[in-house]
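Welcome! Please take a moment to look over the sequence and the model, and then we will walk through them together.

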Amino acid sequence: CSNTSLSSRIPSSVCPAARSYSLLESPGTAACAAGTASGPGGGTGSSAPLGGLRTLMVQQTSLDRPRETWSKKMDFLLSVIGYAVDLGNVWRFPYICYQNGGGAFLLPYLLMAVFGGVPLFYMELALGQFHRSGCISIWKHICPIFKGIGFAICIIALYVAFYYNTIMAWALYYLLSSFRPTLPWSTCTNPWNTANCNRYMSSDHNVSWSNTSTSPAEEFYTRQVLQVHLSPGLHELGSISWQLALCLLFIFTIVYFSIWKGVKTSGKVVWVTATFPYLVLLILLIRGATLPGAWRGVVFYLKPDWEKLLSTTVWIDAAAQIFFSLGPGFGVLLAFASYNPFHNNCYKDALVTSSVNCLTSFLSGFVIFTVLGYMAEMRQQNVDAVAKDAGPSLLFIIYAEAIANMPAATFFAIIFFLMIIMLGLDSTFAGLEGVITAMLDEFPHLLVKRREWFVFGLVCVCYLGALSTLTYGGAYVVKLFEEYATGPAVITVVLLEVIAVSWFYGTNRFCNDVQVMLGFYPGCFWRVCWVAICPCFLLFIIISFLAFPPEVRLFEYQYPPWTTVLGYCIGVSSFICVPAYMVYYLLNAKGTFKQRLLKSITPVPSGDSHRDFIVTNAV
């Protein structure tokens with residue numbers, strides 16, 4: 001056997017003894033012929049007779065670094081569940097449920113999940129697992145002209161990181177304030193309290209609650225944590241709160257050291273961050289069920305109002321809730337699935353994780369409304385008067401006040417705010433991992449060996465981008481980002497994604513990919529959903545948003561008209577990547593316009609990268 005210069009290019013794991021191998025090269029493969037057939041004299045290698053039988057083992061290899069994979073299947077499942085189950089499950093679903101007919105809302109919610117949310121969830125997992133690419137580079141295998149979708153997703157993920165982590169910083173502030181015998185939001189004797197503060201504990205039977213009363217929990221949240229009373233509005237945000245800046249720095253430090261090495265480390269962290277919230281929810285559910293008046297909250301939560309199903313608002317809210325709860329379109333499901341083994345059953349994973357997500361939302365409603373019933377009993381008010389707050393206020397004011405009234409308040413406060421932080425952390429891990437995977441797959445030679453530095457730079461950008469949310473008027477910025485920066489843009493992006501996969505790439509081709517990967521062909525239900533129902537589902541949400549733009553309001557601050565224009569500009573700034581890349585691609589492609597157009601919608605084959613060994617005999 002001859003020793004060729006190619007031996008230096010073949011990894012030692014493929015040819016451990018390159019000098020005793022005959023090295024043959026063909027496109028994409030390296031062949032190692034074992035020259036160990038013994039001749040009559042017992043020699044080896046070149047002393048073997050020409051007619052000797054030799055074994056030729058061909059192993060397909062790549063000179064690139066092998067793709068990282070999950071250490072265990074449960075790492076992947078917990079990461080997806082941790083991403084899908086976030087703060088919105090705890091505060092948004094219960095509020096939307098009671099507002100839209102209680103138990104009757106579950107009907108449109110389940111219909112939207114079955115025909116819209118779960119098919120999109122399944123499609124993204126299958127795409128990521130088959131093509132093993134992030135949300136940018138995957139488009140060359142689907143429809144190259146739509147590559148701008150990947151860049152738009154990355155910008156949207158950055159916008160989310162700018163405001164979402166600030167809510168965790170608030171929770172961390174609460175957590176640190178909980179390590180004392182008397183919780184600071186349970187008394188009216190603090191420097192930040194006003195004359196309207198009304199300490200309404202369960203033992204204070206002589207105190208009456210009026211419309212002008214403010215609870216100590218509300219004043220702690222608005223005047224001590226957020227300090228919104230020091231900012232007149234978005235036009236004058238004020239200074240940065242150094243306490244919140246330190247809290248957010250700590251949050252991002254945890255995020256960095258959880259994701260800097262890839263899914264090998266983040267897959268271990270989610271064993272805590274994805275499971276601990278369920279333990280806390282169970283403890284709080286048991287505690288809430290034993291409180292006086294809890295039944296009033298449960299009845300209010302589940303009592304069906306069937307007439308509300310005739311309102312389009314209910315169906316719009318159901319569609320939006322299931323979409324943002326499952327979270328397709330943020331590049332996360334593509335990224336996570338790309339680290340799976342090729343033949344992993346992502347169909348079963350999609351059904352399991354989406355079911356867990358929906359059940360968690362339903363369970364959270366009991367956790368919240370048993371406590372709201374207790375608050376209504378204490379204040380001698382109706383439950384709807386107590387539950388007027390939505391969003392973060394539901395957690396940081398109403399629930400925090402209820403905890404302050406419980407025995408062992410310090411313990412319950414600590415575990416509750418720890419749960420809030422962990423619910424947010426694994427969603428942040430996932431969102432940033434989507435961006436990191438996309439950029440590393442798109443620029444592998446530049447970034448793969450510098451992952452730690454790239455992640456550090458990304459986290460720094462997110463922290464700097466979040467500084468505006470740490471000002472005295474930062475809560476107004478958080479609300480603006482939440483309403484405009486992500487919602488309409490990401491729904492439009494997912495609509496284009498479904499159209500590109502179902503209509504341009506082709507449902508039949510996509511289903512063939514699934515069959516190669518999983519061993520079975522997707523049924524008629526899934527094909528109809530991908531081709532027709534999902535695009536209509538997404539179009540329905542977009543049109544409703546444009547027809548009924550949200551009235552943005554926070555506390556007593558009514559957002560002026562110019563903020564609506566600013567919000568739409570932020571939303572369009574990410575989506576503009578899609579048409580911009582289409583123009584760029586067509587201008588830079590070669591050939592006539594027809595040839596360029598044809599090339600722009602012709603996918604590049606992924607290649608047969610899933611065959612491991614070919615063993616044959618050669619003379």
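Is F257 buried, partly exposed or exposed? F257 counts as partly exposed, because its relative accessibility is 48%, where buried means under 20% relative accessible area, exposed means over 50%, and partly exposed lies in between (1.4 Å probe, protein chains only).

Before going further, a word on how to read this. This is a predicted model, in which local features need pLDDT of at least 70 and side-chain atom pairs count only at pLDDT 80 or more, while totals for chains, interfaces and linings use all residues. Residues are numbered from 1 along each chain as its sequence is written, and side-chain values use heavy atoms, leaving out hydrogens and water.

The pLDDT is the predictor's confidence in each residue, from 0 to 100. The chain averages 83, and 85% of the residues score at least 70. Over residues 1-49, however, the pLDDT is below 50, although the model gives this stretch 67 contacts beyond near neighbours in sequence; a contact means heavy atoms within 4.5 Å. Residues 608-619 also stay under 50, with 25 contacts beyond four places in sequence. Where pLDDT is low, the predicted coordinates should not be read in detail.

Now to the aromatic rings. Rings of Phe, Tyr and Trp (its six-membered ring) pair if their centres lie within 6.5 Å; planes under 30 degrees apart count as stacked, over 60 as edge-to-face and the rest as tilted. By this rule there are 61 aromatic pairs. Y256 is buried, because its relative accessible area is 12%.

Another edge-to-face pair joins F510 and W530, at 5.0 Å centre to centre and 70 degrees between the planes. F510 belongs to helix α18 (residues 474-518) and W530 to helix α19 (residues 524-547), so this pair ties together parts that are 20 residues apart in sequence; helices are DSSP runs (H or I, at least four residues), numbered from the N terminus. F510 is buried at 3% relative accessible area, and W530 counts as buried at 1% relative accessibility. Elsewhere, ring pairs link a cluster whose members include W170, Y173, F220 and F555.

Rings can also meet charges. A charge sits over a ring if NZ of Lys or CZ of Arg is within 6 Å of the ring centre and within 35 degrees of the ring normal. The charged end of K261 sits this way over W260, 4.8 Å from the ring centre, and that of R509 over Y505, at 5.2 Å.

Methods:
Helices (H or I, at least four residues) and strands (E, at least two) are DSSP runs, numbered from the N terminus.
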